[in-house]
Amino acid sequence: MNKKANEQYKSNEREILDVFTRLLEEKDLQKITVKEICEDAHINRSTFYYHFEDVYGVLEKMWIIHVENMKYIFRQSHSSSKKENLRMILEYIKDNELFYRVSFHSPIFNRMSVGFETIFKQHEINSSSLKNRYQIEFIKQGMLSTIAYWLDMDCNLSVDDLLDVIDTFYSLN
């Protein structure tokens with residue numbers, strides 16, 4: 001792909017992502033159509049399908065971008081504290097509340113939850129034994145369900161209060 005075509009590709013993709021984000025603020029994910037995205041982005045359907053398979057593909061791409069952003073935040077952090085690392089995650093999630101509220105109730109949720117498993121593996125939970133894998137799954141699902149509930153409740157609990165709730169079941173110290 002030559003430089004001009006590459007720039008146009010990136011510009012189209014950014015526009016699709018921007019339009020999709022605006023539409024998420026207005027309506028439920030299930031009501032967003034490819035046609036609507038194309039009209040608002042001023043592109044034809046073939047351009048959309050060149051970038052994405054469907055609307056869920058756009059959501060998945062946004063998830064990939066958010067994962068990369070979280071990884072960047074972690075690289076910038078010099079904390080080895082589980083609590084501080086989780087605080088950064090929760091603050092990022094709160095800053096991107098709409099995206100995460102939609103994502104936690106979408107078909108890509110299962111793929112998202114794998115990313116959270118990495119956090120547990122980095123913090124003293126060895127996944128080599130069967131029993132420990134069950135512990136990881138229990139903690140991960142409990143934490144993800146708690147975060148999903150927090151998002152559904154419009155993040156009406158402060159990040160610190162949510163950390164205290166999570167710390168009750170998963171020692172963050």
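Is Asp154 buried or exposed? At 53% relative accessibility, Asp154 counts as exposed (over 50% relative accessible area; under 20% is buried and anything in between is partly exposed, with a 1.4 Å probe and protein chains only). A few notes before the views: this is a predicted model, where local features need pLDDT of at least 70 and side-chain atom pairs count only at pLDDT 80 or more, while totals for chains, interfaces and linings use all residues. Residues are numbered from 1 along each chain as its sequence is written, and side-chain values use heavy atoms, leaving out hydrogens and water.

**View 1. Arg101 and Asp154 meet in a salt bridge.** Here the closest N and O atoms are 3.1 Å apart (a salt bridge is a side-chain nitrogen of Lys or Arg within 4 Å of a carboxyl oxygen of Asp or Glu). The pair links distant parts of the chain: Arg101 sits in helix α6 (residues 97-104), and Asp154 in the loop between α8 (130-152) and α9, 53 residues apart. Helices here are DSSP runs (H or I, at least four residues), numbered from the N terminus. Arg101 is partly exposed, at 22% relative accessible area.

**View 2. Asp164 reaches Lys83 through a salt bridge.** The closest N and O atoms of this pair are 3.8 Å apart. Asp164 belongs to helix α9 (residues 159-169) and Lys83 to helix α5 (residues 82-95), so the bridge ties together parts that are 81 residues apart in sequence. With 42% relative accessibility, Asp164 counts as partly exposed.

**View 3. Lys140 and Glu137 pair up within helix α8.** Their side chains form a salt bridge, 3.1 Å from N to O. The two are three residues apart, which means about one helical turn separates them. Lys140 is buried, at 4% relative accessibility, whereas Glu137 is partly exposed, at 34%.

**View 4. Helices α1 and α2 cross each other.** The axes of α1 (residues 3-26) and α2 (residues 34-41) come within 9 Å and cross at roughly 115 degrees (axes are lines fitted to C-alpha atoms, for helices over the stretch in contact, with angles from 0 to 180 degrees between N-to-C directions). On the α1 side, the contact is made by Glu15, Ile16, Val19, Phe20 and Leu23; on the α2 side, by Glu36, Ile37, Asp40 and Ala41. Contact here means heavy atoms within 4.5 Å. By class, that gives six nonpolar, no polar and three charged residues (Ala, Val, Leu, Ile, Met, Phe, Trp, Tyr, Cys and Pro count as nonpolar, Asp, Glu, Lys and Arg as charged, and the others, Gly among them, as polar).

**View 5. Trp63, Tyr92, Phe99 and Tyr100 are joined into a cluster by ring pairs.** Rings of Phe, Tyr and Trp (its six-membered ring) pair if their centres lie within 6.5 Å; planes under 30 degrees apart are stacked, over 60 edge-to-face and the rest tilted. Across the whole structure, a search finds seven aromatic pairs. One of them joins Tyr92 and Tyr100, with centres 6.2 Å apart and planes at 75 degrees, so the pair is edge-to-face. Phe99 and Tyr100 are also edge-to-face, at 4.9 Å centre to centre and 80 degrees between the planes. Tyr92 and Tyr100 are both buried, with Tyr100 at 0% relative accessible area. Phe99 is buried too, at 5%.
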